[in-house]
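Please keep the structure in view while reading.

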Amino acid sequence: MVESTDRYYRLVLNKEVRVIYQNDLLSYAAPAPEDSTVTLWVFNLTAYPAPARTTFWCSVPWIMAITMCLELNAERVPVQAIATFDNGTFRLENDHVAILEFSTPVIQPVTSTVPEFNFTRSESGFEDVNAFYHITNMQEYIRSLGFDNIVNYQIAVDVHALNGADNSNFNSGFNPPRLQFGEGGVDDAEDADVIIHEYGHAIMSSAAPGTNVGTERRTLDEAIGDYFASSYSRAISDFRWEDVFTWDGHNQYWPGRSSVSTDHYPEDLNNNIYTDADIWAGTLMQIWGDIGRETTDAIMIQAGYSFSSNMTMRQAAELFVQADTILFNGVHGTPILDRMCHRGLLVCNVGINDATDTQRAFEVYNTAGFSSGTAAVRVVAAEEFTARLYNALGQLLLTETAASGQLELQSDGLLAGVYLLEVTTGNASSTVKLIKH
Ligand SMILES: [Zn+2]
């Protein structure tokens, strides 16, 4: 629409200077910008399998980076997204993202007079198109998970930014917030991992604004960006999804990061928000393997709403368990607890003791009835014992001593989720996991 309040008319007056004809000229002004589907040629892979590197030139990283490897252009795939059609020109702008110029070097965003953006890797328009598509795609995916208030604004993006630095960032200090991608080494906006990682900062800033404070809390944001990048990659292809920044890094410019890790919390922390990120990202990617992309992503976003300044990874793990309860009645409790406990992110505080477990001095009957809420679980031992019931967060719900060596526990009144029943006889303790559906 025309935003000016000025109006322009053609008037025809008679001899008495009366208006006998009036024509509102602005009724013929340019039509309002409209949504239009366009075809975009993008890198939809974050790494390239061997066939892409068919020549010597394409196997040398620095040559790949300076775009002499022409075969890579053949790796581009056509995808579609909504862009803006305005006055005869298609622009890379929609409800979720606008490709703009606001950081040096000054390179204006590309436009097109036809509904197709086809740029090769050596052209500036390629990064415009790549970032535009992957951000749009990620935002539409987040909406498909049921979240309509995460980065629910048109994020401003400059893909030739930061004065050529080999770095990228999210900046919430502008309205709307901005993403800036540098072009040192490999152009950052060529790599969907970099785009999704930085967008991950925008996701967390929406979920828990202003809480990116404290070393472990900031490590979590880096880890969540790495996690979303790997999750996005792995949904496209199994090839090198664990190499975060597969394309931008893992070369002579910088080593990149990994979302597979054997590190254990907290003793493997180095107080570095980047190198410590693999503890959280690695755990989430294991859970991803157990319960899938959509479920793990949704639980992570849901947990993010409760993130606060200066929180620890252990607190984040508890929120993750809670988020599974909020979204899915805790049905994924078993794999989540297994992965988190193994990593040291949740304290398996009820002392699962393998030695006593194998020579368990008690039997548990009717766990199925407990699960469905139709009957009590029955614990039988040869002597007096004490039973303690804990929830998934390790909070003690109940202590009961069975002098007769027998006890029944009802599950009605318990929320769906995972529970741990610890039984102590004499000086030995053992634990069984109970699930309430
Ligand atoms: Zn980051």
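In S4, Val 77 is the bridge partner of Val 42. This bridge belongs to the antiparallel pairing of strand S3 (residues 34-43) with S4, which extends over 10 bridges. Two strands are said to pair if DSSP finds at least two bridges between them. S3 is also joined by 2 bridges to strand S8 (residues 116-117), and these two strands run parallel. There, Thr 39 stands opposite Glu 116 in S8. In general, strands of a sheet pair through backbone hydrogen bonds, in either the parallel or the antiparallel sense.

Ala 83 is found in strand S4 (residues 76-86). Ala 83 counts as buried because it has 27 C-beta neighbours inside 10 Å; the term requires 20 or more other C-beta atoms within 10 Å of a residue's own, while 12 or fewer make a residue exposed and counts in between make it partly exposed, with C-beta atoms placed from the backbone. Leaving aside residues up to four places away in sequence, Ala 83 touches Ser 36, Val 38, Phe 90, Arg 91, Leu 92, Glu 93 and Asn 94. Such a contact means that the C-beta atoms, placed from the backbone, lie within 7 Å. Ala 83 and Asn 94 are 11 residues apart along the chain, and their C-alpha atoms are separated by 5.3 Å.

## The model as a whole

This is a predicted model, in which local features need pLDDT of at least 70 and side-chain atom pairs count only at pLDDT 80 or more, whereas totals for chains, interfaces and linings use all residues. Residues are numbered from 1 along each chain as its sequence is written.

The protein has 10 helices and 20 strands. These elements are DSSP runs numbered from the N terminus, helices being H or I with at least four residues and strands E with at least two. Of the 437 residues, 39% count as buried. Among the contacts with a separation of 6 or more, 61% are between residues 24 or more positions apart.

## Helices H3 and H4

Helix H3 (residues 192-207) packs with helix H4 (residues 215-236) at an angle of about 130 degrees, and their axes are 8 Å apart. H3 is therefore oblique to H4. Axes are lines fitted to C-alpha atoms, for helices over the stretch in contact, and angles run from 0 to 180 degrees between N-to-C directions. Angles under 35 degrees count as roughly parallel, over 145 as roughly antiparallel, 65 to 115 as roughly perpendicular and the rest as oblique.

Which residues of H3 meet H4? They are Ala 192, Asp 193, Ile 196, His 197, Glu 198, Gly 200, His 201 and Met 204, and in H4 they meet Asp 221, Ile 224, Gly 225, Asp 226, Phe 228, Ala 229, Tyr 232 and Ser 233. The residues of this contact of H3 with H4 comprise 7 nonpolar, 5 polar and 4 charged. Here Ala, Val, Leu, Ile, Met, Phe, Trp, Tyr, Cys and Pro count as nonpolar, Asp, Glu, Lys and Arg as charged, and the others, Gly among them, as polar.

## Ala 316 in helix H7

Ala 316 lies in helix H7 (residues 313-328). With 24 C-beta neighbours inside 10 Å, Ala 316 counts as buried. Apart from residues up to four places away in sequence, Ala 316 touches Leu 220, Ala 303, Phe 307 and Met 311. Ala 316 and Leu 345 are 29 residues apart in sequence, with 8.5 Å between their C-alpha atoms.

## The sheet of four strands

An open sheet is formed by 4 strands in the order S17-S16-S19-S20, with antiparallel pairing. Strand S17 (396-402) and strand S20 (428-436) stand at the edges with a single partner strand each, so one side of each has no neighbour in the sheet. The twist from one strand to the next averages 20 degrees. Strand S19 (residues 417-425) is joined to S20 by 9 bridges, and Leu 420 stands opposite Lys 433 in S20. Helix H8 (residues 333-343) packs on the sheet and touches S19 and S20, its direction making about 65 degrees with that of S19.

The bridge partner of Phe 385 is Ala 402 in S17. The hairpin of S16 and S17 has 4 residues between the strands, and Gly 394 takes a positive phi near 80 degrees there. S17 is hardly covered, the count of buried residues among its 7 residues being 0.

Technical notes: Two residues are in contact if their C-beta atoms, placed from the backbone, lie within 7 Å.
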